[in-house]
Amino acid sequence: MACIGLFGGTFNPVHHGHVAAAHAALDALSLDRLLFIPSGHPPLKGDAGLVPGNHRAEMLRLAVGDDPRFAVCTYEIERKGPSYTVDTVRQIATEMERGTELIFLLGSDCADRLDRWKGMDEIRSLARFAIISRDGADLTPLPQEMFRVPMGPVAVSSTLLRDALADGTDVQDWIAAPVLAYLRAHDLYTRPRSYV
Ligand code: ATP
């Protein structure tokens, strides 16, 4: 039975922490594939400071290169209105072969916000959750039905990157070279909130 990981986020922009988390999930859960799902209009975070979805999707493609285990799913950036995970998981579930197992991946910093998600019962009926340890977080207290993905800390966030890019600070330790070239070529994140 195929097992597919669904990794949602804003990826604004994608950085080494995201890619390391994806690799950790592939290994820990023996996933066959992992879909990165950039959010179109994140209901909890809002759109402030979010560069257009086509840019974020393209940076994700550049970050994962030609590894066939990874793909970028653009459903949320194509859909109008708030990007509810329940709509995305439902759409993916209808397209998968029968018997495919779906696992929704989440960094541990997002785990305590799950009770605010729309359609949680339906999501749970279609996919299981796996929580990835971010910044060395202890996963022991999580509910038993959740998978746990251990991962060494990769101390970077997109917020940190956006601030560094706006300040002109060097970011090459945190971001793949083709992603950095892309965002420079498209003049993304150069000035505080110039991309709103
Ligand atoms: P921002 O700083 O803009 O809030 P972010 O860096 O937290 O962004 P998101 O796009 O919100 O990145 O994250 C997508 C997913 O990746 C989330 O589940 C998040 O927990 C996880 N993630 C982000 N950065 C890391 C990291 N450094 N290590 C492990 N997981 C991470």
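Author: Ser133 is buried, because its relative accessible area is 5%; buried means under 20%, exposed over 50% and partly exposed in between, computed with a 1.4 Å probe and the protein chains only. The model is a predicted one, in which local features need pLDDT of at least 70 and side-chain atom pairs count only at pLDDT 80 or more, while totals for chains, interfaces and linings use all residues. Residues are numbered from 1 along each chain as its sequence is written, and side-chain values use heavy atoms, with hydrogens and water left out.

Ser133 belongs to the loop between strand 5 (128-132) and strand 6 (147-149). Helices (H or I, at least four residues) and strands (E, at least two) are DSSP runs, numbered from the N terminus. A polar atom in the side chain of Ser133 lies 2.8 Å from the backbone oxygen of Ala137. Asp135 is also in the loop between strand 5 and strand 6, and has a positive phi of about 55 degrees although it is not a glycine.

The ligand itself comes next.

Asp109 has an N or O atom in its side chain 2.5 Å from an oxygen atom of the ligand. A polar backbone atom of Ser158 is 2.7 Å from a ligand oxygen, and a backbone N or O atom of Phe11 is 2.8 Å from an oxygen of the ligand. The protein buries 92% of the 600 Å² that the ligand exposes when taken alone, with accessible areas from the Shrake-Rupley method and a 1.4 Å probe.

Asp109 is found in the loop between strand 4 and helix 5 (120-126). It counts as partly exposed because its relative accessibility is 34%. Its C-alpha atom is separated by 8.9 Å from that of Ile132, although the two are 23 residues apart along the chain.

Two further places concern the backbone. Asn12 and Pro13 are joined by a cis peptide bond, with omega about 0 degrees, and Pro13 lies in the loop between strand 1 and helix 1. Ser30, in the loop between helix 1 and strand 2 (33-38), has a positive phi near 50 degrees and is not a glycine. Ser30 counts as exposed because its relative accessible area is 55%.

Asn12 also has a partner elsewhere in the chain: its side chain makes a polar contact of 2.6 Å with the side chain of Tyr189. A polar contact is a pair of N or O atoms within 3.5 Å; within protein, one must be able to donate a hydrogen and the other to accept it, and residues adjacent in sequence count only if both atoms are side-chain atoms. Tyr189 is in the segment after helix 7 (177-185) and counts as buried because its relative accessibility is 0%. From C-alpha to C-alpha, Tyr189 and Leu50 are 9.5 Å apart in space, while 139 residues apart in sequence.
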